[in-house]
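Please open the model in your viewer and keep the selection tool at hand. The tour below moves from one selection to the next and says what is found at each stop.

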Amino acid sequence: MPLVTLREVLVPAAEQGYAVGAFNANNLEYVQAIVTAATAERAPVIVQASQGAIRHAGLAHITEMVRVAAREVPIPVVLHLDHGRDLELVRQCIEIGFTSVMFDGSDLPLEENIRLTARVVEWARPAGVSVEGELGRVPRVGVTAEEVRALMTDPDEAARFARETGIDALAVAVGSVHQMTQQRAVLDVPRVAAIRRATALPLVLHGSSGVAEDSLREAIRAGICKVNFATSLNVAFRRGLAEAMAEDPAGVDPRPYLARAREEVATAVRERIHLLGCSGRA
Ligand code: G3H
Ligand code: ZN
């Protein structure tokens with residue numbers, strides 16, 4: 001089916017208490033793995049491309065790959081820009097057919113984050129494109145527990161941010177950390193609930209590869225509706241590639257190696273869709 005917006009998949013998730021998986025794609029094999037896995041789970045899915053993935057694959061290529069993959073399956077697929085910081089690229093994504101964009105102004109002063117996020121909403125709305133903003137900051141690995149806490153989203157500021165920007169979904173900093181390879185982070189679930197009450201928006205969790213599963217389930221019950229995974233898919237892709245190459249070190253045709261990497265990513269995506277309570281929701 002044609003691509004759908006983020007709003008279309010998050011509204012039912014928020015009403016029914018599950019979350020939709022947002023999976024970062026870097027190349028053809030990731031796109032195929034994500035869409036095939038979601039189809040097998042009969043789940044709506046968000047395929048997202050970061051600025052780095054767009055630099056790697058090319059904007060038109062990534063757009064068309066996801067569009068074609070979506071057209072062939074009976075589940076809702078969203079094409080989303082992840083962590084858009086470059087306003088020109090955000091504008092290009094809206095123009096070329098992304099159905100959702102994130103503007104990440106999380107490292108800007110609040111007023112500036114509000115001003116630029118509201119500008120992106122102004123561009124996106126007439127095109128029927130959803131917008132995710134971020135308030136507070138989800139850091140990268142290497143930070144202390146105190147630093148993670150200091151960057152968390154304030155519920156009162158979130159209420160103002162939601163009101164003054166008109167975004168469709170809000171990325172929150174509630175204890176997760178980007179690029180963790182072990183599931184050790186525990187989320188501040190009462191804070192998730194407070195932000196949800198203050199904003200009434202579907203909330204987005206970043207850095208989800210490193211979150212303990214029980215904590216993730218509780219956060220979904222408290223209002224998280226979109227859950228982003230990148231690192232755990234990269235770990236799966238690399239493992240598949242390394243194992244296949246180790247089994248046939250003299251091979252010249254790369255396709256068997258890439259096919260194994262794709263299978264590993266698809267398995268990881270299916271497990272996570274299941275964890276989010278999203279299986280069978282399409
Ligand atoms: O924006 C992407 C996500 O927040 C991914 O985080 O790499 O820690 O899974 P992760
Ligand atoms: Zn992120």
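Are H178 and H206 buried or exposed? In this predicted model, select the two side chains together: H178 is buried, and H206 is buried as well.

The protein donors of the zinc ion are NE2 of H83, NE2 of H178 and ND1 of H206, which lie 2.1 Å from the ion. Along the chain these donors follow the spacing H-x94-H-x27-H.

Now select ligand 1, which is surrounded by 13 residues, the closest being D82, Q179, G207, S209 and T231. Display distances to its oxygen atoms: a polar side-chain atom of D82 lies 2.6 Å from one oxygen atom of the ligand, and a polar side-chain atom of T231 lies 2.5 Å from an oxygen atom of ligand 1. At A230, by contrast, it is a backbone N or O atom that lies 3.0 Å from an oxygen atom of ligand 1. Taken alone, ligand 1 exposes 300 Å², of which the protein buries 96%.

Finally, turn to the cysteines. A search of the whole structure finds 0 disulfides; C278 is in none, and the nearest cysteine sulfur, that of C225, is 11 Å away. C278 counts as buried at 0% relative accessibility, and C93 is buried with a relative accessible area of 0%.

Terms used
Residues numbered from 1 in each chain as written. Chains lettered and ligands numbered in written order. Predicted model: local features only at pLDDT ≥ 70, side-chain atom pairs only at ≥ 80, totals over all residues. Heavy atoms only, no water. Donors = N, O, S within 2.8 Å, 3.2 Å for Na, K, Ca; no water. Buried < 20%, exposed > 50% of the residue type's maximum accessible area, 1.4 Å probe, protein only. Disulfide = S-S within 2.5 Å. Near = heavy atom within 4 Å. Polar contact = N/O pair within 3.5 Å; in protein donor to acceptor, adjacent residues only side chain to side chain. Areas by Shrake-Rupley, 256 points an atom, 1.4 Å probe, with all protein chains shown as cover.
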